[in-house]
Amino acid sequence: MYRYLRVLGCDAADADDLTQDVFARFLRSSFEERSPAATLTYLRRTARHLFLDRIKIDRPKVIEWADAVDAEWRTSGAAEDSGEWVEALRACLGGLTQRSRDIVIRFYRGGQNRAVIARELGMSERGVRTSLHRARAILRECIQRRTGR
Amino acid sequence: MNSLRDEVFDRQLEVALEELLAPEDVPIHDPITTNDNPRPWHGLAFVALAATVVIAVALLATRGNDAETTEPAQSAAETDTEGEALAPEQDPVWPEATLPQLLEALDKNGTRDRAEAELVRRGAPAADAVARLALALDPETPRARERLASQLRVLRGLRQHAAHHAPALMEHVADWPVGGCADLLKTVAVLAPWSPHELEMPKFEMSFNEVKLDSKVMARGFEIPELNALHDATTMFSGRKHVRPDQSIPRLIELLESENGYARIAALEMLGTRGADAMPAVPAIEACLSSEDHPAINKAEWVNRQSVRIDQASSTPEIHATAAEVLLGLAPDTPRAVLAWRHRLAGTGTIKRRAQAATRIGQLFLSAQLSEEHRAEVLEALEEAALASDTRLAAAAITALGMAGKGRKSAVATLKRIMRGENERLRKLADAALRQVIR
């Protein structure tokens, strides 16, 4: 749920809040559990509704984005919900070169921007940008292969 | 549409990488201002930013005192810290700091804690830089002991990244008076399992009046706690050195049943650094977390000029804490991980970490099949967190209590107490949770 909300566009704090709100609604509802998949779909729909409810500007474009996220979730959702997607990513990180992995980790782990990474690794900013782009492409291909998408 | 799908995939990747790689002790920062990641919706950067602002304003309007709250970062991921907490207004964006800036900050009271935490996050490059500082530090310089302690906390937090410095640190032991010597030995003991070299403890002869290292008298004028710490460091070293970097997963699993508590802890830590390879150890780690039957650890207590008393301290709390964090690294979604999440909820981590733990407990509790005793432990932790002064933590715990606390009288009392409180958001959540608990 949290990851779905983050992909929709919430920052970490908003995703935390909305996750709680989703479960609070769930608790108040008279939902009858039929299957885990049905429950997850119900929770995701509630999350999407609460998320969109807060968007006041240019809703059509944000809805278009949310539709794209939902379409992606319908194909990879099971892998996302079970954590398989993240586990695949964990394994795929090992396939990157040390340099690429270092850049990816600095970028995502510490929130270092490209200028800082470039300075610390003695690279150009464009070089960092290119390395990140390549690393993402490799990870994408690897994850798709591992999750069978 | 294809390009939008690509953008969604990129966003999934971004979020998962943050989740996988972000150390959760780090204070939350806003990626919009500190990182040039693209926003999620393709071609909608301005719209996204505007929408985010609207959301933020709406949340601020409804959240009352639910502003972003984080506790001071844990210093170097350890609990034996002595540094001062950084005042919020002095909180810079530390990921932006260069290594030399962090090393400089390490030397200042006001910035030390944050610098330690950030250096631990930096991994190997930080290990080399901090080890160089520690090895070059002259014991005669002002505040040398305090500076060494801080540097060694970082090296202990860095674990395997700093392990190749263990032999040099061990050689450095003789240069320091008893207090620094004990701290160095403790660090060597922590790093020993990952050290590529077999390490031998120097021979100590300890008495109330003097300490000899390899028959040579060390500087006098030490305090009793330093003598105790030196004794404990040698005990820790002798336990942890049973764990080696080349040991197989089955061997490490065996060591989880060692007669030495320190060996169990070191084996858990080693499993935690083996990634997916350590998955076969998950049941044994869960057993460690559930068991109360862990060996005692010897703790020295010099009682008079002639004798030292060896107390038997329980290793169970430390083993539980270590097992919990290792399990959450390996298999956070298994039902048995509820006990590990409880440890994190009841721990001293950031509000964010603790609130996430409460939420995960709510999701996993019903399928966890816990014993009555463990059920009670988990629910007590939720009830305590539900009464926390921080709204985010309390809200997460109340929600989880609604999902997990069915039929529990003390949960009813806790929720009713919250419903009498002043926070409207918490009152509403407690009302919803109470309906579930008494249903």
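This report describes a predicted model of a complex, covering confidence, chain A, and selected features of chain B.

## Basis of the model

The structure is a predicted model, in which local features need pLDDT of at least 70, side-chain atom pairs count only at pLDDT 80 or more, and totals for chains, interfaces and linings use all residues. Residues are numbered from 1 along each chain as its sequence is written, chains are lettered from A and ligands numbered from 1 in the order in which they are written, and side-chain values use heavy atoms, leaving out hydrogens and water.

## Confidence

For the complex, the predictor gives an ipTM of 0.84 and a pTM of 0.62. The confidence of the predictor in each residue is expressed as pLDDT, on a scale from 0 to 100. Chain B has a mean pLDDT of 79, with 81% of its residues at 70 or more.

Within chain B, the lowest confidence is found in helix α2 (residues 31-34), at a mean of 29, and the highest in helix α11 (residues 249-255), at 96. Over residues 23-93 of chain B, pLDDT stays under 50, and the model has 135 contacts beyond four places in sequence for this stretch. A contact means heavy atoms within 4.5 Å.

## Chain A

Chain A contains 8 helices and 0 strands. Helices (H or I, at least four residues) and strands (E, at least two) are DSSP runs, numbered from the N terminus. Of the 149 residues in chain A, 52% are buried; buried means under 20% relative accessible area, exposed over 50%, and partly exposed in between, with a 1.4 Å probe and protein chains only.

Among the contacts in chain A with a separation of 6 or more, 52% are between residues 24 or more positions apart. The chain exposes about 7000 Å², of which carbon and sulfur atoms supply 48%. Accessible areas come from the Shrake-Rupley method with a 1.4 Å probe; for residues, only the protein chains shown count as cover.

## The disulfide

Over all chains there is 1 disulfide, defined as a pair of cysteine sulfur atoms within 2.5 Å. This disulfide joins C92(A) to C142(A), with an S to S distance of 2.0 Å. The link connects distant parts of the chain, 50 residues apart: C92(A) lies in helix α5 (residues 84-93) of chain A and C142(A) in helix α8 (residues 125-147) of chain A.

The link of C92(A) and C142(A) is left-handed, with -80 degrees about the S-S bond. C92(A) counts as buried because its relative accessibility is 3%, and C142(A) is buried at 9%.

## The sheet of chain B

In chain B, 3 strands form an open antiparallel sheet in the order β1-β2-β3. Two strands pair if DSSP finds at least two bridges between them. The edge strands of chain B, β1 (204-206) and β3 (216-217), each pair on one side only.

Strand β2 (residues 211-213) of chain B is joined to β3(B) by 2 bridges, and L213(B) has K216(B) as its bridge partner. Helix α10 (residues 224-240) of chain B packs on the sheet, touching β1 and β2 of chain B, and its direction makes about 145 degrees with that of β1(B). Axes are lines fitted to C-alpha atoms, for helices over the stretch in contact, and angles run from 0 to 180 degrees between N-to-C directions.

## Positive phi in chain B

Most residues other than glycine have a negative phi. R143(B), however, has a phi near 55 degrees; R143(B) lies in the loop between α6 (124-136) and α7 (144-158) of chain B and is partly exposed at 39% relative accessibility.

Q369(B), also not a glycine, has a positive phi of about 50 degrees. Its place is in the loop between α16 (351-364) and α17 (372-386) of chain B, and Q369(B) counts as exposed at 71% relative accessibility.
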